[in-house]
Amino acid sequence: MAYKTYITEALVCESIDSQTSDRSFLLFTREAGMVYAHAQSVREERSKHRYSLQECAHARVTLVRGKAGWRVTGAEPLHNFYSLAHTREARAFVRNIVLLIRRIMQGETAHEKVFDEVVYACMHLEQHIPSKLECILSLRILHALGYIASEASIGAYLDSPFASLDSNSLLVDTEKHCNTLITQALLESHL
């Protein structure tokens, strides 16, 4: 019986070792949402996918849906956002965004806009102040998932295209208000 293969971009959010050389991954994919997938022999030195599937890596993966769940059958590295981050603040940004995604993304529902914005933010991190970019990106992710409602004071950061935003111009008072909204949304959602 032939299984259908899916090729999609993914952000590796978590990896868990299993057995001698296998590893399971929590992948935030562009077309399938949050997927838990298993890869065989990926921890062996001879594995071609070993470096493609590191945590915080952006990769093009080939997935197969079998009886026991998703399996990774191929992976092509695109970027490792953690290793691209040159400062401590930039690495903290990447870590915090991945932790936020792990925390709030549920199920295999595609969120292509969220995925594209996360990848874009990680690719253009050096042009922004990481703490301000994290505030805006977290706000946009929570808004896209329905945890934060739109209001006049933050409408400019939610409605305009992400690529056109200048996070460096985020005022201190607006940043505090955004952080309050983010904290409140996470507390009230019990995630």
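Keep in mind that the model is predicted.

Let's begin with the strands. Five of them form a closed barrel, in the order β1-β2-β3-β5-β4, and their pairing is mixed. From one strand to the next, the twist averages 50°. With β2, strand β1 pairs in the antiparallel sense over 8 bridges. One place to look is Ile16, which stands opposite Ser24 in β2. The hairpin made by β1 and β2 has 3 residues between the strands, and there Gln19 takes a positive phi near 55°.

Strand β1 also pairs with β4: these two run antiparallel and are joined by 7 bridges. Here you can find Ile7, whose bridge partner in β4 is Thr62. Now follow β4, which covers residues 57-66, to its pairing with β5, residues 69-80. This pair is antiparallel too, with 10 bridges. Ala57 has Asn80 in β5 as its bridge partner.

Next come the helices that lie across these strands. Helix α2, made of residues 88-104, lies across β1, β2 and β3. Its direction is at about 95° to β1. Helix α3, residues 112-123, lies across β1, β2, β4 and β5, and runs at about 70° to β1. Keep an eye on α3, as we will return to this helix in the paragraphs below.

Now for the charged side chains. How many salt bridges does the model contain? The count comes to 8. Let's visit three of them. In one, the side chains of Arg30 and Glu112 meet, with 3.7 Å from N to O. This pair links distant parts of the chain: Arg30 sits in the loop between β2 and β3, while Glu112 belongs to helix α3, 82 residues apart.

A second salt bridge joins Glu108 and Arg65, whose closest N and O atoms are 3.0 Å apart. Glu108 lies in the loop between α2 and α3, and Arg65 lies in strand β4, so this pair also links distant parts of the chain, 43 residues apart. Glu108 has a relative accessibility of 42%, so it counts as partly exposed. Arg65, at 41%, counts as partly exposed because of that value.

In the third, Glu117 and Arg140 meet with 2.7 Å from N to O. Glu117 is in helix α3 and Arg140 is in helix α4, residues 130-144; the two are 23 residues apart and link distant parts of the chain. Where do these two sit, in terms of accessibility? Glu117 is buried, because its relative accessible area is 10%. Arg140 counts as buried too, because its relative accessibility is 5%. Some salt bridges share partners, and in this way Arg30, Glu31, Glu112 and Asp116 are joined into one network.

Finally, let's look at the spaces that the atoms leave empty. Rolling a probe the size of a water molecule over the atoms shows where such space is left. The largest pocket has a volume of about 170 Å³. Among the residues that line this pocket are Phe81, Leu84, Cys122 and Met123. The elements that give two or more residues to its lining are α1, residues 81-84, and α3.

A search of the whole structure finds 1 cavity of 30 Å³ or more. About 60 Å³ of space lies in the largest cavity. Which residues line the largest cavity? They include Tyr120, Ala121, Leu133, Ile136 and Phe162. Helices α3 and α4 each supply at least two residues of this lining.

Key: Residues numbered from 1 in each chain as written. Predicted model: local features only at pLDDT ≥ 70, side-chain atom pairs only at ≥ 80, totals over all residues. Heavy atoms only, no water. Pairing = 2+ DSSP bridges. Helix = DSSP H or I, 4+ residues; strand = E, 2+ residues; numbered from the N terminus. Axes fitted to C-alpha atoms, helices over the stretch in contact; angles between N-to-C directions. Contact = heavy atoms within 4.5 Å. Salt bridge = Lys/Arg side-chain N within 4 Å of Asp/Glu carboxyl O. Buried < 20%, exposed > 50% of the residue type's maximum accessible area, 1.4 Å probe, protein only. 1 Å grid on protein atoms, 1.4 Å probe; cavity = no way out; pocket = protein on both sides within 12 Å on 5 of 7 lines; lining within 4 Å. Points joined across faces, edges and corners; volume = space filled by probe spheres on them.
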